[in-house]
Amino acid sequence: MEIRGPVLLPARREDIALTTVDELTLVGELALPVDRDPVATLVTLHPLPTAGGFMDSHILRKAAGRLPALADIAVLRFNTRGTTSPRGTSEGAFDGGASEVFDVAAAVDFVRERGLPRPWLVGWSFGTELALKYGRDHDIEGVILLSPPLHRATADEVAAWAGDDRRVVILVPEFDDYLRPDEARERFASIPHATLIAVEGGKHLWVGETQTRRVLTEIVAAANPDALPLPTDWDGEVAG
């Protein structure tokens with residue numbers, strides 16, 4: 001069977017709840033490899049909720065659907081405050097990226113409490129702003145930024161990563177709606193060790209199986225390169 005679209009490969013999937021320091025409950029899901037411990041963990045930060053972003057935004061959903069089985073990676077997805085998905089609605093209200101500092105902290109704290117290994121923050125669009133603004137405060141391997149718009153993260157917040165030896169991996173679509181590769185190179189030049197990957201033919205929403213596979217491949221290249229190349233076919237059972 002070809003791996004594509006919304007297919008769910010086998011994983012241990014658990015509905016979870018995160019509690020923030022300002023006493024909100026955020027809903028989410030943890031997906032783990034079926035029969036072994038993960039070698040790395042993705043803490044995913046979804047696109048802008050006021051523009052339809054949530055924990056089920058397709059790249060994050062497909063990461064959770066595929067990577068526990070294909071790459072031995074744990075995937076944590078959750079709705080930031082005030083965000084709704086089929087899993088439910090997280091308490092609180094969208095705060096433009098300010099109070100969401102507590103949401104990021106709750107997710108990383110959950111990973112630590114569960115003893116999950118080598119956490120990476122994986123932000124998409126609005127989620128990249130949260131990763132850039134708040135990721136340095138946490139014990140993570142690095143950040144993976146998908147389609148960063150750089151609307152909320154300031155130049156100083158970006159440059160602060162220059163003094164940090166953790167990985168910064170940036171995927172910039174050729175035809176992004178907000179930040180294209182040439183401008184991205186200029187705006188991320190303050191982080192000399194950053195890896196900026198210009199994705200030919202890519203768009204902000206990474207629509208289509210070709211773009212999905214490219215994004216997931218680059219995520220795995222950072223978090224568990226030994227799992228590459230990712231298979232495109234699956235011979236076993238599927239969850240849905």
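How many residues of H3 are buried? Eight of the nine residues in H3 are buried, so this helix is mostly covered, where buried means under 20% relative accessible area, exposed over 50% and partly exposed in between (1.4 Å probe, protein chains only). Helices (H or I, at least four residues) and strands (E, at least two) are DSSP runs, numbered from the N terminus.

The model is a predicted one, in which local features need pLDDT of at least 70 and side-chain atom pairs count only at pLDDT 80 or more, while totals for chains, interfaces and linings use all residues. Residues are numbered from 1 along each chain as its sequence is written, and side-chain values use heavy atoms, with hydrogens and water left out.

The buried residues of H3 are Phe 126, Gly 127, Thr 128, Glu 129, Leu 130, Ala 131, Leu 132 and Tyr 134. They pack against S3, H2, S7, strand S8 (142–146) and helix H4 (155–159), contact being heavy atoms within 4.5 Å.

H3 also belongs to a right-handed β-α-β unit, together with S7 and S8. A crossover is right-handed if, with the strands pointing away from the viewer, the path from the first strand over the helix to the second runs clockwise. S7 and S8 pair in the parallel sense over five bridges; two strands pair if DSSP finds at least two bridges between them. Within this pairing, Trp 120 has Gly 142 of S8 as its bridge partner. S8 in turn pairs with strand S9 (residues 167–173), again in the parallel sense and over five bridges, and Ile 144 has Val 169 of S9 as its bridge partner.

H2 has 15 residues and reaches 21 Å from its first C-alpha to its last, close to the 21 Å expected at 1.5 Å a residue; the expected span is 1.5 Å times one less than the number of residues. Its buried residues are Glu 100, Asp 103, Val 104, Ala 105, Ala 106, Ala 107, Val 108, Phe 110 and Val 111. These pack against strand S1 (12–19), strand S2 (25–32), strand S3 (40–45), strand S4 (73–78), strand S7 (119–124) and helix H3 (126–134). Just after H2, Gly 115 takes a positive phi of about 70 degrees.

Side chains of opposite charge can pair when their charged atoms come close. The whole structure holds 19 salt bridges, each defined as a side-chain nitrogen of Lys or Arg within 4 Å of a carboxyl oxygen of Asp or Glu. One of them joins Asp 103 to Arg 81 (2.8 Å, N to O). This pair links distant parts of the chain, with Asp 103 in helix H2 and Arg 81 in the loop between S4 and strand S5 (84–85), 22 residues apart. Asp 103 is buried at a relative accessible area of 0%, and Arg 81 is buried at 4%.

Another salt bridge joins Arg 36 to Asp 72 (2.4 Å, N to O). Here too distant parts of the chain are linked: Arg 36 is in the loop between S2 and S3, and Asp 72 is in the loop between helix H1 (58–71) and S4, 36 residues apart. Arg 36 is partly exposed at 34% relative accessibility.
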